[in-house]
Amino acid sequence: MAKYKIAWLPGDGVGVDVMNAARVVLDALKLDADYEHGDIGWEFWKTEGNPLPDRTIDLLKRTDACLFGAITSLPKEEAQSQLVPELQCKGLTYSSPIVRLRQEFNLHTNLRPCKAFAGNPLNYKDDIDLVVFRENTEDMYVGIEFHPVPDEVVDVLVKHQPKMKRFAATPTDEMAITLRINTIKASESIVRQAFEYAKKHGYKTVTIVEKPNVLRETGGLVLRTARKVAAKYPGIDLWETNIDAMCMWLVKNPQDYGVLVATNMFGDIVSDLCAQLVGGLGFASSGNIGDNYAVFEPTHGSAPKYAGQNKVNPMAMLLTVKLMLDWLGELDMGGRLEEAIAHVIQAGEVKTYDMGGNSSTLDVAKEVSRNL
Ligand code: IPM
Ligand code: MG
């Protein structure tokens with residue numbers, strides 16, 4: 001029996017292409033693992049009305065970790081129209097399988113390193129080294145939404161929040177409500193992990209990205225919690241920033257920042273910005289990490305127009321494999337993989353179209369393997 005059992009979820013679009021690349025590298029590293037394929041993604045939404053079938057949840061429960069490619073997500077109406085006719089009128093609603101996985105497995109921490117590799121022609125500036133800690137299970141993405149808004153919900157809100165009167169006369173199908181929920185527990189956990197990371201890797205600051213001047217209750221609670229955590233780490237400063245200004249500062253002076261920590265939605269936003277600073281989504285890796293289980297995925301989406309063309313940059317996926325190896329405790333393999341990736345980027349000979357080359361996804365994976 002192999003040492004590890006890894007759930008293998010390519011998903012759809014270019015998810016399949018980059019997972020093939022991941023496999024080339026994992027085989028070259030000789031990770032002692034069995035890979036078990038799981039169904040997830042658009043195809044299963046269309047044919048089964050569920051993009052994350054129960055059998056896939058069961059598979060994850062039987063494995064040590066999961067590697068995931070990408071999935072297509074479309075807005076409500078388009079999702080409905082693509083269901084097979086038998087499922088059309090069943091009142092099914094599409095919800096993002098990755099968001100569901102994060103919540104069902106309590107993968108509370110989304111770790112997103114964004115490092116400018118030397119020699120990458122796509123670096124916005126050199127020497128950028130950012131790591132985003134994104135809270136992954138709550139905030140605006142809890143999935144508690146109303147449309148139309150039930151009358152009882154309007155009544156309760158008017159009772160407790162006089163400002164709601166403004167909307168009370170609006171027909172309930174002419175407005176929508178999405179809840180933002182943040183807890184001290186999750187906020188404390190994500191900030192603590194950011195500080196622990198800063199301590200371990202010698203960063204002198206942790207920057208929290210919020211909006212407490214407007215989102216006074218949720219943002220306020222998160223910020224107060226962050227300050228409490230920060231007090232336990234003398235020698236590491238907490239920099240408090242607002243999401244809007246932070247986007248500007250990151251473009252202006254990205255080298256001034258290191259470890260960033262944010263609630264779910266602001267973390268989502270800021271991590272794409274950080275990714276672009278170091279070459280775009282083709283370089284952005286991520287790990288959804290819980291106490292005993294983790295799902296690793298490149299930050300990029302499924303890019304359907306490139307699906308199956310063996311064309312997109314696999315670096316994000318290969319860096320994601322490195323995160324998985326580290327999390328499994330295979331630090332030596334993880335380190336070798338990152339060095340090989342850095343070497344291939346620096347050499348600049350084998351590169352995909354986004355970097356100005358014409359190598360394929362698999363060419364890059366093979367070149368990285370050759371350099372291990
Ligand atoms: C990400 C993605 C997802 C998110 C989508 C695909 C649901 O943007 O992982 O950043 O919003 O979290
Ligand atoms: Mg995102």
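**View 1. The shell around ligand 1.** Ser96, Val99, Arg102, Arg112, Arg134, Tyr141 and Asp268 surround ligand 1 in this predicted model (each has a heavy atom within 4 Å of the ligand). Two of these shell residues are nonpolar, one is polar and four are charged. Here Ala, Val, Leu, Ile, Met, Phe, Trp, Tyr, Cys and Pro count as nonpolar, Asp, Glu, Lys and Arg as charged, and the others, Gly among them, as polar.

View 2. A side-chain N or O atom of arginine 102 lies 2.7 Å from an oxygen atom of ligand 1. For arginine 134, the distance from a side-chain N or O atom to a ligand 1 oxygen is 2.7 Å. Aspartate 268 places a side-chain N or O atom 2.8 Å from an oxygen of ligand 1. Of the 320 Å² of accessible area that ligand 1 has on its own, the protein covers 73% (Shrake-Rupley method, 1.4 Å probe).

**View 3. Ligand 1 between two domains.** Domain 1 (1-110 + 285-372) and domain 2 (124-144 + 179-277) both contribute shell residues, so ligand 1 lies between them. Domain 3 spans 145-170. The C-alpha centres of domain 1 and domain 3 are 41 Å apart. Domain bounds come from an automatic or database assignment.

**View 4. The largest cavity.** The structure holds one cavity of 30 Å³ or more. A cavity is a set of points, on a 1 Å grid over the protein atoms alone, where a 1.4 Å probe fits but cannot get out. About 40 Å³ of space lies in the largest cavity, a volume filled by probe spheres set on the points. Its lining residues (an atom within 4 Å of a point) are Glu135, Ser187, Ile190, Val191, Ile208, Val222, Val261, Ala262 and Thr263.

**Notes to all views.** Residues are numbered from 1 along each chain as its sequence is written, and chains are lettered from A and ligands numbered from 1 in the order in which they are written. In this predicted model, local features need pLDDT of at least 70, side-chain atom pairs count only at pLDDT 80 or more, and totals for chains, interfaces and linings use all residues, while side-chain values use heavy atoms, with hydrogens and water left out.

Technical notes:
Polar contact = N/O pair within 3.5 Å; in protein donor to acceptor, adjacent residues only side chain to side chain. 1 Å grid on protein atoms, 1.4 Å probe; cavity = no way out; pocket = protein on both sides within 12 Å on 5 of 7 lines; lining within 4 Å.
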